[in-house]
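Please work through the exercises below with the sequence and the structure side by side. Each begins with a task and is followed by a solution in steps.

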Amino acid sequence: MRYSQFLFFEWKQFKRSSSFQKGIGIKIVLLLAALYFIAAFTGLGLVAYYLIQKSFPQLDPIVVVNNYLIFWFLLDLTYRFFLQQLPVMNIKPFMLVPVKRSTIIHYLLAKTSWSFFNWLPLFFFIPFAIILLVEAYPLIQVMGWLVAMILFTLSLNYLNFLINKNNTYFYGLVSLIFSFAALRYFNIYDITVLAGEFFNKMYSLWYAFLIPLLLLVLLYRRNYAFVRKSFYLDDAIRKEKKLVRTQEFSFLNRFGKMAPFLKNDLKLILRNARPKQVLFMSFLFLFYGLIFYTQETYSDSPAFLVFASVFITGGFLLSYGQLVPSWDSEYYKLLMSQNIPYRQYLESKWYLMLVAVIISFILATPYIYFGWDIYAMIAAGALFNIGLNSFITLFGGALNRVPVELNVKAKAFSNTQGFNPTQLLIALPKMLGPMLIFYIPYKLINFNAGLLALALSGLIGLMLKSFFLNKIESIYQKGKYKTIAAFNEKK
Amino acid sequence: MIRVENLSKKYNQDEVLHIEHLEIPKGQSFGLVGNNGAGKTTFFSLLLDLIQPTTGHIVSNTIRIDASEDWKPFTAAFIDESFLIGYLTAEEYFYFIGELRGQSKTAVDVLLAQFEDFFQDEILQKKKYLRDLSKGNQKKVGIIAALIGQPDVVILDEPFANLDPTTQIRLKKIIKDLDENTETTILISSHDLIHVTEVCERIVVLDKGEPVKDIQTSQATLEELEAYFNK
């Protein structure tokens, strides 16, 4: 059994899956987006040196870059966490054939290093390094630095694998980042200074790349050990038998015909690993405002503040809503043959989002600290979320036919991510829409007019609720057979 | 009750099902047998509008299945585990189905009480999610859930597979009871000729998507079927 054979299997799996038959239009857009990012990164790599030289004439550009690298890598990791597709492989058939486990695991891990997310940073680092050489920086130091950057990028690749597959790593890293952010915010200790010094060493000592090399090796081995450990079907054979309680949630009965669905959704969220993770993530969205409201730079451009305000109350709506109906993919055939009109199903999901927005809005009350303007903005954003964003999200979900495995978190071989590039495209209007709705009246009239427009857009959307739901329902109706077939596909 | 007209299903050019005409009267217990790939599950999926017919249609109680959703209130089915909701306990699942079919909790409880021996003390009050039950126990839950709310049509795909012998015998009794005491139309597919001949009044044999035999069950049926499949 050789690696080429794995590749061959995978090519077949890819070609024969139903997501392959996704619209050609989306593929072209994705390709264009990739080209755009490559061009942007290359351009940045070429001009960054001179830009920095102009803005900070008294500083060495390489030092400035090194000082800010920590943010670059943080951003890189964040994008990876949400967007990078992790390898999926069905190991069961390989367990009984004569192929070494280590072969499979090495193949699986090596495959991730070919991701676009590893290539993209190179389009910045390499041109930047070339410019450094052109500017007569010493070759050996520049090369040492470049190698270190590539190794750090690869390390992030494997770090991302760990935090995606393992909750301990994920929560550990998130709390680490939060505590450093807090220390920095309250002027107690600024880790970025230390990080800057660290990255400068990568340049000043050419052999310092041994540190990221060591990091990469350690992370790779951690990954290996983690995957190796899950290379058993134990989970399938001997399940953890935890005693559970039957729950009623009878207080939801007041919602009448929608009650059974709401109760079900509540159980779905409380009893499955994936939705729980989403819930936690949407809680983090509440703090989004802290990043924006505290920065001087944004106070002059309120359109960005609107962006943040929409996110504060929309975290759950966006992250949960985009996977409707995928959350129900495991038993979609049941729903389709039971006595369930699509309308009730959709409406119950909408109510769930509504409740989530209201709860987030209540939790966002402390933002009054930043002034009533900000709070009014959050309120307008919440209205927009309820009246428009909810429907856009449900619409986007209707086009999403990726099945979700509800209760997997630590299984190293399955794709635990539901976020795919198609989703990103649909996400654009959700993010840019409110900014535009606010920005135009804001420019033409004033701040309050912008807020009013945003709030009104939400109210109008709310009035058109049945119209929107009808439209979405007809999309569901039209895609019914396709959706069933896609959800039926074994992962 | 169920009328099939010129029904066919093609994937690309392969015809996997072709039924010119078939009528299943109300209250009949109808058995479907055939080798793998004969089209049994395809037929059931078409009956539930889970796939789209290439030509023709099925009419159930005057409702065209691929054109209206009004057949759902009086139809119930258990095809495979994707009809179960893994994160619910058995009780929660039964009540959920009950709510969808307009049955109160008490009504569901009364129904469940009838099947206590079928469950063999493995299902109720076990404090386990359905996803943690064994395949056989999951099947028990699915089959009984399909009986909630007195549906007029009950569709069971391979109900005997994966069940232990005791449960198989009890299931046969349940199906016979339904057949004799109610007007329920029951559609069953099976690979087990003995079980099917025992519980079904009528047996249709599918071969490569086409009905090749249509037998009213009698003493001689089992032999006839065995002879056919032994060819």
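**Exercise 1: a helix in chain A**

Solution. Helices here are DSSP runs of H or I with at least four residues, strands are runs of E with at least two, and both are numbered from the N terminus. This is a predicted model, in which local features need pLDDT of at least 70, side-chain atom pairs count only at pLDDT 80 or more, and totals for chains, interfaces and linings use all residues. Residues are numbered from 1 along each chain as its sequence is written, while chains are lettered from A and ligands numbered from 1 in the order in which they are written.

Next, look along the helix: α17(A) has a kink of about 75° centred on Gly314(A), the bend being the angle between axes fitted to the seven residues ending at a residue and the seven starting there. Finally, 17 of the 20 residues of α17(A) are buried. A residue is buried if 20 or more other C-beta atoms, placed from the backbone, lie within 10 Å of its own, exposed if 12 or fewer do, and partly exposed in between.

**Exercise 2: a strand in chain B**

Find out how far strand β3 (residues 29–33) of chain B is enclosed, and which strands it is joined to.

Solution. Begin with burial: five of the five residues of β3(B) are buried, so the strand is largely enclosed by the rest of the structure. Then separate the faces: Ser29(B), Gly31(B) and Val33(B) lie on one side, Phe30(B) and Leu32(B) on the other, and all are buried.

Now turn to the partners, where strands pair if DSSP finds at least two bridges between them. Four bridges join β3(B) to the parallel strand β8 (residues 185–189) of chain B, in which Ser189(B) is the bridge partner of Leu32(B). Four bridges also join β3(B) to β9 (residues 202–207) of chain B, again running parallel, and there Ile203(B) stands opposite Gly31(B).

**Exercise 3: backbone details**

Solution. The cis bond joins Val324(A) and Pro325(A), with omega of about 10°, and Pro325(A) sits in the loop between α17 and α18 of chain A.
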